Amino acid sequence: MKLSASFVSLALAAMALANPARRAAAGFVQTDGQAFTLDGEPYTVFGSNSYWVGLMGLTTDEMDVTFQNIAATGGTTVRTWGFNDVNTTVDAGDYYQLWTGSTATINYGATGLENFDNVIAAAKANNIRLIVTLTNNWDNYGGMDVYVNQILGYGQPHDYFYSNSEVITAYQNYVKVWLERYIDEPTILGWELANEPRCTGSTTATSGTCTTTTITTWIETMSAYIKTIDTNHLVGLGDEGWFNWANSTDYSYDGSQGIDFDANLAIDTIDFGTFHLYPFTWDEETPSAMAFGQEWIENHRGAQATYNKPVLMEEFGVYSAQNQTETYENWYSTVVDGGLTGVLIWQAGSNLTSGPTPDDGFAIYPDTPIYYMEQEYSAQLKARNAA
């Protein structure tokens with residue numbers, strides 16, 4: 001059933017009454033039931049991903065243009081990487097952590113956290129809030145396998161990231177640096193534990209014992225750890241949203257990836273849920289990629305209602321030759337009309353003085369049809385949330 005925007009607004013308001021707003025310092029985004037709020041008013045999460053804004057050696061002017069372009073779509077929120085692990089500084093560019101053997105050293109300098117200070121300043125100047133993801137399941141920009149390889153030895157199982165105490169401590173030490181540096185910074189909406197965590201990563205090395213329980217336990221540990229240091233910021237996972245439904249034969253729903261969306265959203269120290277949507281990449285095209293995506297959104301909307309927490313579709317993409325315009329219209333409409341809390345497209349694109357920003361085939365640059373579509377649906381989502 002397709003719900004009207006007015007019906008959804010009433011439903012969200014009613015659910016919010018059952019779950020009082022969490023307390024944080026003024027100026028920080030908070031949750032109130034299935035909604036986000038800012039200083040007692042609705043806060044709409046609409047925007048894009050720009051993983052690269054702090055990792056490409058951009059000038060502060062170029063960072064400003066990046067956020068201007070996103071804000072011009074009606075964007076309020078940008079998801080970006082708070083990680084880049086390297087084992088040499090030669091041609092490293094911007095990075096945050098240098099590994100020498102099993103010892104990690106934080107880069108506080110102009111190519112490290114000082115550079116991320118500039119990212120925050122540019123976002124703030126354009127009224128953008130940031131969701132900062134703190135490591136990667138994949139080997140792009142370092143990620144989980146660097147911790148495992150540097151501490152335990154090259155080729156050790158990827159999933160030891162979630163279970164080995166030395167690795168967990170090393171990751172907590174890294175996370176603590178970010179928490180303590182930015183604990184009083186309201187431009188950051190929230191922290192994410194990892195980008196797309198799974199039992200498997202970019203390598204084939206696995207223990208064979210990783211299950212949904214392994215990763216759920218790690219989420220409980222890490223999210224609780226963050227809350228002991230930083231109660232100002234929200235915490236999410238950053239996952240693709242895989243379900244763990246009994247008797248399912250579809251890998252997106254059978255728990256085989258190590259993610260149980262429902263169990264993870266139920267964790268007290270997880271404030272909001274996340275999911276991604278790439279049906280062609282996932283070989284989920286039955287009865288069609290668009291239809292799979294619509295149902296995927298609706299099922300996560302169902303979990304949002306069950307656990308009375310905000311849920312974001314924080315990445316999605318199909319290529320321009322894959323019926324992109326009609327597909328995005330369908331998915332954006334399903335978000336707005338169905339009552340999903342918010343949405344971030346993958347990914348933003350900008351034409352900077354140093355050249356165009358990275359394009360993996362999904363990038364949306366200014367003055368293109370999808371860019372204008374974003375403007376349309378950001379207005380609709382804000383109107384729904386204000387109703």
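Me: Why does Lys 124 count as partly exposed?
Reply: This is a predicted model, so the values come from its computed atoms. Lys 124 has 44% relative accessibility. Buried means under 20% and exposed means over 50%. The 44% of Lys 124 falls in between, so Lys 124 is partly exposed.

Me: What makes Lys 124 and Glu 185 a salt bridge?
Reply: Their closest N and O atoms are 3.3 Å apart. A salt bridge needs a Lys or Arg side-chain nitrogen within 4 Å of a carboxyl oxygen of Asp or Glu. The 3.3 Å of this pair meets that, so the label holds. Lys 124 lies in helix α3, and Glu 185 in the loop between α6 and β10, so the pair ties together parts 61 residues apart in sequence.

Me: Is Glu 185 buried or exposed?
Reply: Glu 185 is buried, because its relative accessible area is 14% and the cut-off is under 20%.

Me: What makes Asp 337 buried?
Reply: Asp 337 has a relative accessible area of 19%. Buried means under 20%, so Asp 337 counts as buried. Asp 337 sits in helix α10.

Me: Thr 327 is also found in helix α10. Why is Thr 327 called buried?
Reply: Its relative accessible area is 3%. That is under 20%, so Thr 327 is buried. Beyond residues up to four places away in sequence, Thr 327 touches Met 290, Val 318 and Gln 322.

Me: How do you know whether His 276 is buried or exposed?
Reply: His 276 has 0% relative accessibility, so it counts as buried. His 276 belongs to strand β12.

Me: What makes the pairing of His 276 with Glu 196 a polar contact?
Reply: The two side chains meet at 2.8 Å. The cut-off for such N or O pairs is within 3.5 Å.

Me: Why is the link between Arg 79 and Glu 315 called a salt bridge?
Reply: Their side chains meet at 2.7 Å, N to O. The limit is within 4 Å, so the pair qualifies. Arg 79 lies in strand β5 and Glu 315 in strand β13, so the bridge ties together parts 236 residues apart in sequence. Both residues are buried.

Me: Which residues are linked with them in a network of salt bridges?
Reply: Glu 192 and Glu 314 join Arg 79 and Glu 315 in that network.

Key:
Residues numbered from 1 in each chain as written. Predicted model: local features only at pLDDT ≥ 70, side-chain atom pairs only at ≥ 80, totals over all residues. Heavy atoms only, no water. Helix = DSSP H or I, 4+ residues; strand = E, 2+ residues; numbered from the N terminus. Buried < 20%, exposed > 50% of the residue type's maximum accessible area, 1.4 Å probe, protein only. Contact = heavy atoms within 4.5 Å. Polar contact = N/O pair within 3.5 Å; in protein donor to acceptor, adjacent residues only side chain to side chain.
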